[in-house]
Amino acid sequence: MGGNDVECIVTHHHGGLKMSLAVAPVACGTTLMGAAFDGCHYYFTACEAVIVKYEPCTKVSEEIPVCRSYTCICYDSGSCCFWATSGLRKIYKLNRCFQEIDCITLGCRYGGVITGLSYDCCEDALLVSAASVILKVELQGDCVQRILSLPCEFVTCILALAPGFLTISLRDGEQICSVYGGDCTRLRTYHLSCDTEITSLLFSPHENRQFSIVALEKKHGCYSYLEERSLNVGVLGFMPAQCNWALEPPPCPPPTKDCRAEIMESVALMEASLAHILNAEGEKLQKVIACSNDIDEILCVNRAVKETIIRATHLEQVLFEKLSLVSDCCDSCQKDRTLCTSLNF
């Protein structure tokens, strides 16, 4: 589904800029579950077998069909690909066309359902939250290591912020955000409101080593929206590594109008002009028939009207050819899109 607008609300909150994006990238009733950010676009997983691509500059979204329903997704800036899971012990590697090209299977001893994925740029590894354990999956060799156990907590999502990481978890009925250093020592703990459920965390880099954290949240269990909050080193307790800024996005281009739409608009305007001309010619012929008894005058006007109709017919053929070119272009674009979904990147 394309062309949906997302309402943007900007407020100040607890010393940082908070930006909330009301849910709209998907149809009403569809719940977003996981989120990824490649520096320019957001990508959301949903209950259906689709990934929603959202353009924050133009506020346009697009649903991309995939082969299964994923619960978590993250962007791998090292390989420029995505990693996603359907919640069980398999983690799938997706190319830029969101086709599965590889898979990592976790053993039963590494915990239960996967609740979060995040790419660690320093270690070239995935940090995986699975219920009450945190795993590190090395992408070179598929080595899996349990780096942290949290028996009194249920971790709902994780964000690798090399050299450390952040987690959102539930403990004693409370939702908490924990900051861990590179040695897995808990540095900070923040108690969060239970009015919303945070299902995914994203790192958003800015210029001059500034950054913010974007949270995908659910309100009342179904209404999803993004909340962006600017942070500083004091909140984390450590300085994020330079590789985290590899996502720094290029400037978004200004919205441009589709050239195919402009061609069709010009055809429509010319068709409207032709309709006015033909209507005027018909009124001219009716007028001369009603006001003149001179057969030569009537035939002369009739010949002029006939000539106008012939020229309008020739112009109609030209307009038909223009529309045919647009149709061929649209068919070609659709074939390219189908090819993208069937080939490896």
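The legends below describe close-up views of a helix and of neighbouring strands in a predicted model.

Residues are numbered from 1 along each chain as its sequence is written, and side-chain values use heavy atoms, with hydrogens and water left out. Because the model is predicted, local features need pLDDT of at least 70 and side-chain atom pairs count only at pLDDT 80 or more, whereas totals for chains, interfaces and linings use all residues.

**View 1. Helix α2, residues 259-291.** Helices (H or I, at least four residues) and strands (E, at least two) are DSSP runs, numbered from the N terminus. The buried residues (under 20% relative accessible area, 1.4 Å probe, protein chains only) of α2 are V267, L274, E281 and V288.

**View 2. The hairpin of β11 and β12.** Strand β11 (residues 114-120) runs antiparallel to β12 and is joined to β12 by six bridges, where pairing requires that DSSP finds at least two bridges between two strands. L117 has V128 as its bridge partner, and in the turn of four residues D124 has a positive phi of about 50 degrees.

**View 3. The hairpin of β12 and β13.** Strand β13 (residues 133-138) pairs with β12 in the antiparallel sense over six bridges, with I134 the bridge partner of S129. Two residues lie between the strands, and A131 in the turn has a positive phi of about 60 degrees.

Definitions and conventions
The expected span of a helix is 1.5 Å times one less than its number of residues. Buried means under 20% relative accessible area, exposed over 50%, partly exposed in between (1.4 Å probe, protein chains only).
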